[in-house]
There are 2 protein chains.
Amino acid sequence: MENAIQKFQNRGMRPSIQRAKILQYLLDKRNHPTVDLIYQELLPELPTLSRTTVYNTLDAFCENGLAIHLDFGEGFLRYDADTTPHSHFFCKCCQKVFDLEIPPEDIASKLPKGFVIQESQLYAFGVCEECNKAKL
Amino acid sequence: MENAIQKFQNRGMRPSIQRAKILQYLLDKRNHPTVDLIYQELLPELPTLSRTTVYNTLDAFCENGLAIHLDFGEGFLRYDADTTPHSHFFCKCCQKVFDLEIPPEDIASKLPKGFVIQESQLYAFGVCEECNKAKL
DNA sequence: GTTGTTTGTTGTAATGATTACAATATAAAA
DNA sequence: TTTTATATTGTAATCATTACAACAAACAAC
């Protein structure tokens, strides 16, 4: 079981207090936080923390497979250190995000009791035929 | 077959040149345009057009079921007047959006030849159990 | 360890899409 | 018409994110 420092070093990232605390925050809280929430909640422990550091750190996590970002069209991103394939449910009422232990395929059927889907959208990203040809 | 003016009147929207041209643009081009593209391309025909009008108009279209907005995480939205259930494919190489005549379920299988999916994400929006209870 | 090099952190200043707002204009209702 | 409601327009905010430069901490070579 990798600890935080090993996770960083194995990916060529230098360990730092900031990175360790932010990763620990994501793993402990599992609350799909925004940059600002992370910043506000870690400020007591890390009084010199900068918002820019939170941005940089989360970008580095995403680039190195330690986190993913979630875009629910709120105008800002959320982050999740659970990188296993699973889905998310965004409540339009309370703005909370719920984990669904379902691969992005067969949603809608097996929702938790009481949850109602109003809208769902699948975003597919990749490379189109023309661009694939151009790369040859 | 409703014409543009009827479409507006049937939904309690007042017809205007701006609205008619913007709707026509979406229906003719089917290019999943951004606000700015619409603005730039219609400026020659509508020299007094304001960006704010494009924003307002597209918001009104979305509220009244004449269009949907697409968020591919580019930092701006795209719009589509095709409101039938279908999916989209965003090419990370050329930034173009392709229509897929597939309901958001079974992507990945029947992609057009030559297209490669690198990443896909299903966004589910709705109301959670707690909020549904609170509404009683 | 010490020195030099690379990488990370911080704060402030841009950027850029979107929204707020107030003035004007146009459409519908009376 | 006259009045009332809604649209359009331009400018000024807003706000998440990014760019940048100074400083600091980690790593490598000696």
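Chain A has 5 helices and 5 strands; helices here are DSSP runs of H or I with at least four residues, strands are runs of E with at least two, and both are numbered from the N terminus. Reading from that end, the elements of chain A go α-α-α-α-β-β-β-β-β-α. The C-alpha atoms of chain A fill a box of roughly 50 × 45 × 35 Å along the principal axes.

Some ground rules before we go on. This is a predicted model, where local features need pLDDT of at least 70 and side-chain atom pairs count only at pLDDT 80 or more, while totals for chains, interfaces and linings use all residues. Residues are numbered from 1 along each chain as its sequence is written, chains are lettered from A and ligands numbered from 1 in the order in which they are written, and side-chain values use heavy atoms, with hydrogens and water left out.

**Where the chains meet**

How many residues of chain A are in contact with chain B? The count is 34 residues of chain A, touching 35 residues of chain B, where contact means heavy atoms within 4.5 Å. About 3600 Å² is buried between the two chains, and carbon and sulfur atoms give 58% of that. (Buried area is the accessible area, taken with a 1.4 Å probe, that two parts lose on being put together, summed over both.) Leu122(A), Tyr123(A) and Phe125(A) supply 23% of what chain A buries against chain B, more than any other three residues.

The interface also has 20 residue pairs in polar contact, both residues at pLDDT 80 or more. A polar contact is a pair of N or O atoms within 3.5 Å; within protein, one must be able to donate a hydrogen and the other to accept it, and residues adjacent in sequence count only if both atoms are side-chain atoms. On the side of chain A that touches chain B, the elements giving two or more residues are strand S3 (87-91), strand S5 (116-127) and helix H5 (129-134). S5(A) gives the largest share, 12 residues.

**One sheet, two chains**

Look for an open sheet of 6 strands in the order S4(A)-S3(A)-S5(B)-S5(A)-S3(B)-S4(B), with mixed pairing. Strands S4(A) and S4(B) (97-100 in each chain) stand at the edges with a single partner strand each, so one side of each has no neighbour in the sheet. From one strand to the next, the twist averages 30 degrees, with axes being lines fitted to C-alpha atoms and angles running from 0 to 180 degrees between N-to-C directions.

Here are some of the pairings; two strands pair if DSSP finds at least two bridges between them.

| Strands | Sense | Bridges |
|---|---|---|
| S5(A) and S3(B) | parallel | 4 bridges |
| S3(A) and S5(B) | parallel | 4 bridges |
| S3(B) and S4(B) | antiparallel | 4 bridges |

Tyr123(A) stands opposite His88(B) in S3(B), and Phe90(A) stands opposite Phe125(B) in S5(B). S3(B) and S4(B) form a hairpin with 5 residues between them, and Gln95(B) in the turn has a positive phi of about 65 degrees.

**Salt bridges**

Side chains of opposite charge can pair when their charged atoms come close. With a salt bridge defined as a side-chain nitrogen of Lys or Arg within 4 Å of a carboxyl oxygen of Asp or Glu, the count over all chains is 14. Across the interface of chain A and chain B there are 2. One of them links Glu129(A) to Lys113(B), with the closest N and O atoms 3.3 Å apart.
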